Amino acid sequence: MPRIETSRLTPAAAAASARCHAVRVHLPEGADAELMGRTLDEAVGAWWGDDAGGELPRLWHERVLVDRATGSDRVRAETNRALHPRDEAFRAVLLEFADGQAELVLAAHRDRLDAQSLRLVADVLTGRTRYEEIRPAEPHDCGEAREEALQEWRAAECAAGLGWAAGEGGAGERTGRVTVELRAGAADLGASLAAAAAIVLARFEGQDRPLLGVLRNWRDRPAGTLGAFDTGTLLALDLSGAVDTAGLLAHAGEALAGRDGRCGAGQYANLVLSAGGGVAVGVVDGTSDELSYAGGHLYTACQTAPFPLTVVPGRTAAGAPQLIVHHRLREVDEESATRFARHVAFVHEQLSSGAGQLAPGDLGLLDAKEARQAVELGFPARSLDWVPERIDAVFAARAAERPDAVAVSFEGRALTYAELEGRAARCAAALRAGGVGAGERVGICLERSLDLVVAMLAVLKADCVYVPMDPAYPAERLAYTAEDAGLRVVVTTLDTFPGAAGTWYVRPEELEAWRDELGTAPEEVNPTRGPGEAAYVIYTSGSTGRPKGVVVPHRNVVALLAATRDDFGLGPDDTWTLFHSCAFDFSVWEVWGALLTGARLVVVPFWVSRSPEEFRTLLLTERVTVLNQTPSAFAQLIDADRRNGERLAVRLIVFGGEALDARPLRAWFDRYPEDRCRVVNMFGITETTVHVTSQTVTRREALSGSRSVGAALPGWYLYVLDERRRPVPCGAPGEIYVGGEGLALEYLGRPDLTRERFVPDPFNGGRMYRSGDRGRLLPDGRLEHLGRLDSQVKVRGFRIELDEIRAVLLEASDVTAAAVVVEGGETGDAAQARITAYVVLRGDGGATEPVRLHAQGVLPSYMVPTSLIAVPVLPLTANGKLDTRRLAEHAVVPALPPSPSASADTTGSPDGEADLAASLASVWETLLGVPVGPDDNFFLLGGNSLLAVRLAAVMRERGMPSLPLRELYLNPTVTRLAEVLGSGRA
């Protein structure tokens, strides 16, 4: 088992002790303290004389009133006692014990004496060597080598990373030390442990070429010479698989042996340590037998941690190999350091057992017991107690319990549970009477309204599968979805739907009028498909250039509500909002979360959802208690709420759809304390039924900026696995896999993709979903989400495959190459995040407008690039990959054509309108950061819904006319908007 120790030091002592090392010699027969003291005085005078600087070192003699075994802690304390950073460069202490035994402890700064020098001094004091045989080092200069090394170490700061270690905020200068006895030796213990540390660090950081700092003894130092010859270097091992483990050990051995042509010189090691702040893990070597054990010496390579994590190969007093890991507690907590040491020891054991011909990736970090613990870490704290049912059956039960309670309302109209059940039943019967078969997919392309909710329930009651589509999507995307899903029936209010010939396009009112047309009521439908059959298909962005349909069964939605109902206190007293598009799976949670728990659902009109002020008024008026938001949208609501006095009735906020930066929530907690409004951050994926984890966010998380998305919901479970699907250690990053009740059935019509993403679960049986998300599990089972492993991103809550946008751009006739990136938003301001596309066009033309029009005809608005920039060539890095940092340098045309100033063409306009247009252009330029002309489109200039809200706020602050966001969408140019606002028609 690892042994853990901690020490407390002042900042000055900590800095000194990190640069100090020590040798101790056990003298079983005791020692003549007086003789040893005279010898030291004579030796120091002969070696350095007046050049020693300050007071010459002398021998400190102390009698310890216990025997040697009892006084071992006193020996350890003296060995690790820091020298004074200014007054002491070398210290000698003789501890004489009551049983006659003694310990000689020598400690020194590395910039004065190296390890071999300490041994020589010890030999002189113990009578093994005469001081006349030892000489001080001649002054020598390795300035050029020193400067080269320092530049390397300073450049290495970008490689620092300890995100997998918690650290202890109040630790100050406290340091820790973990000791692990090794079950296997090695021909070169230092090289083996250095290679093992590199492999562990690479897995923890997701790197192929981890960087270690190495502080070593210079093996070619002059013999019999006192001086500072320790040196430092950087060790970068190639763990990509190109070099086997035998090659790694050889490389590490050369680095630790100092065969790189660099000498140690004076303060070289000290300077290297000062410059190496960016290196997270270092190795301090001190394992060679001639330094550690000849003559009974026991060498301590460092008193405390020179690096945040410092690996020290060593041996016990009995000569057994051991690993010592020093760590700075403010950066690496004890649990993380212990875990790191244990993994290094395990990898070292594999390296020492003849694994030389293996690739680094073949080595495991976890033994069987730890692997099972890592698997179970992602399991929920409690099991799910539920009965699988159909969605429509659960709703029918709620309607029977509370038939007269309001189920759904919209713009002053409402349906009770009984009315919603009746209307949906009639529409379901009409669908079946119209020839729709059980299990058939039915498209729903409706704006948010009562009809939308009726249609969703009706399709389920007809024993069919609903396929939601947003009416705002381009015609080509709607047509693709209808074709891919094989839709023969689409419920829509669109006058023309771009589907195949022979498709039945029916309006909601036509379904309800079916009784009158037939003269008799259609027969009631009795569903025969079970809870495990499909309920809906939602299309998500796809890397191939076309969306993919995710097929989700009834039981998954019912399981989600069973997993959250008690924890969130969901019930009939709640009022929810339907804020999101039905084509966004967050709406699944909103609609069925409300209706399956007997609550009231308030449908938010599209234009109200675009105006935080109007949305806040709706929340206040409707007394909404459960609010579901993306963090981007909620940031605007916080600002609107701050300007109003009356507080909302919201008791529960659920975040989803994108990463949450908890820090801005402090303003919300000021108005809505945690005991009044619970805030929950949830991570989820369409393929795993909306939500997977749950994290209650408190002021503590807001202050710390926590990235935790919580632990798995009951019935769901998580794994974090490496590229070979092995469990990674707690705290290490890997790919997130999800198992349990929420897994979708398949990708519609894509068996190969289904097999690729829904894979066998080797740990728990059944299937698991390979998410493509990167994350790490914390010791308490909570998940930290670290982003995507591929080109998928989240922009304002929408899941977007950049490769899908790129594929669409490449379909444009003039485009020969394309790259798509997300720019802006680096400061955490989601409103500034934008999609930028760079395209290489045929010939010498630079006109990107045809390409933009093509993209607008295929992609939904949130996926259309904000900026479309022509470049002559896509820049590449030295290894042939796209160099995204240099894309902007290659632009041959601006993202937007130059436009005249807003005030340049105001002839024929009233003076008031001209002034308003100039003011509008000024505000737009400030928000968008580009020149604005009178006919430039706000949204094509880079505007989005979040910046539209900000525009309205800035106009209000400047005393300009109030801006209804509906008018901005309908009149998105300076000229048209100024005309509408100036005329008072808004």
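**Close-up 1. Phenylalanine 568 and tryptophan 589 in a buried aromatic pair.** In this predicted model, phenylalanine 568 has 3% relative accessibility, so it counts as buried. Tryptophan 589 is buried too, at 1% relative accessibility. A pair of aromatic rings is described by the distance of the centres and the angle of the planes. Because phenylalanine 568 belongs to helix 18 (residues 554-568) and tryptophan 589 to helix 19 (residues 586-595), their pair ties together parts that are 21 residues apart in sequence.

**Close-up 2. Phenylalanine 497 and tyrosine 505, a tilted pair.** The structure holds 24 aromatic pairs. One of them joins phenylalanine 497 to tyrosine 505, with 5.4 Å centre to centre and a tilt of 40° between the planes. Phenylalanine 497 counts as buried at 9% relative accessibility, while tyrosine 505 counts as partly exposed at 30%. For another look at rings, turn to Phe379, Tyr717, Tyr719 and Phe763, which ring pairs link into a cluster.

**Close-up 3. Strand 19 and its parallel neighbours.** In a regular strand the side chains alternate between the two faces of the sheet. Strand 19 (residues 489-492) is covered on both faces: Val489 and Val491 are buried on one side, Val490 and Thr492 on the other. Strand 17 (residues 441-445) pairs with strand 19 in the parallel sense over 3 bridges, and cysteine 445 stands opposite threonine 492. Strand 20 (residues 504-506) also runs parallel to strand 19, joined to it by 3 bridges.

**Close-up 4. Cysteine 445 and cysteine 582, without a bond.** A disulfide is a covalent bond between the sulfur atoms of two cysteines. The count for this model is 0 disulfides. For cysteine 445, the nearest cysteine sulfur is that of cysteine 582, 7.5 Å away. Seen from cysteine 582, the closest cysteine sulfur is the one in cysteine 445, and 7.5 Å is too far for a bond. Cysteine 445 is buried with a relative accessible area of 0%, and cysteine 582 is buried with 7%.

**Close-up 5. Arginines over tyrosine rings.** Take a look at arginine 477: its charged end sits over the ring of tyrosine 473, 5.3 Å from the ring centre. Arginine 546 lies over the face of tyrosine 480, and here the distance to the ring centre is 5.8 Å.

**Close-up 6. The buried face of helix 21.** Pro612, Phe615, Arg616, Leu618 and Leu619 are the buried residues of helix 21 (residues 612-622). Viewed down the helix axis, these buried residues fall within an arc of 155°, so they line one face of helix 21. Arginine 623 follows helix 21 and has a positive phi, near 55°.

**Close-up 7. Threonine 689, buried within a loop.** Threonine 689 sits in the loop between strand 27 (678-681) and strand 28 (693-697). Its relative accessibility is 0%, so threonine 689 counts as buried. Leaving aside residues up to four places away in sequence, threonine 689 touches Tyr536, Val552, Asn556, Val557, Leu560 and Gly742.

Methods:
Residues are numbered from 1 along each chain as its sequence is written. This is a predicted model: local features need pLDDT of at least 70, side-chain atom pairs count only at pLDDT 80 or more; totals for chains, interfaces and linings use all residues. Side-chain values use heavy atoms; hydrogens and water are left out. Rings of Phe, Tyr and Trp (its six-membered ring) pair if their centres lie within 6.5 Å; planes under 30 degrees apart count as stacked, over 60 as edge-to-face and the rest as tilted. Buried means under 20% relative accessible area, exposed over 50%, partly exposed in between (1.4 Å probe, protein chains only). Helices (H or I, at least four residues) and strands (E, at least two) are DSSP runs, numbered from the N terminus. A charge sits over a ring if NZ of Lys or CZ of Arg is within 6 Å of the ring centre and within 35 degrees of the ring normal. A disulfide is a pair of cysteine sulfur atoms within 2.5 Å. The arc is that of the directions from the helix axis to the C-beta atoms. Contact means heavy atoms within 4.5 Å. Two strands pair if DSSP finds at least two bridges between them.
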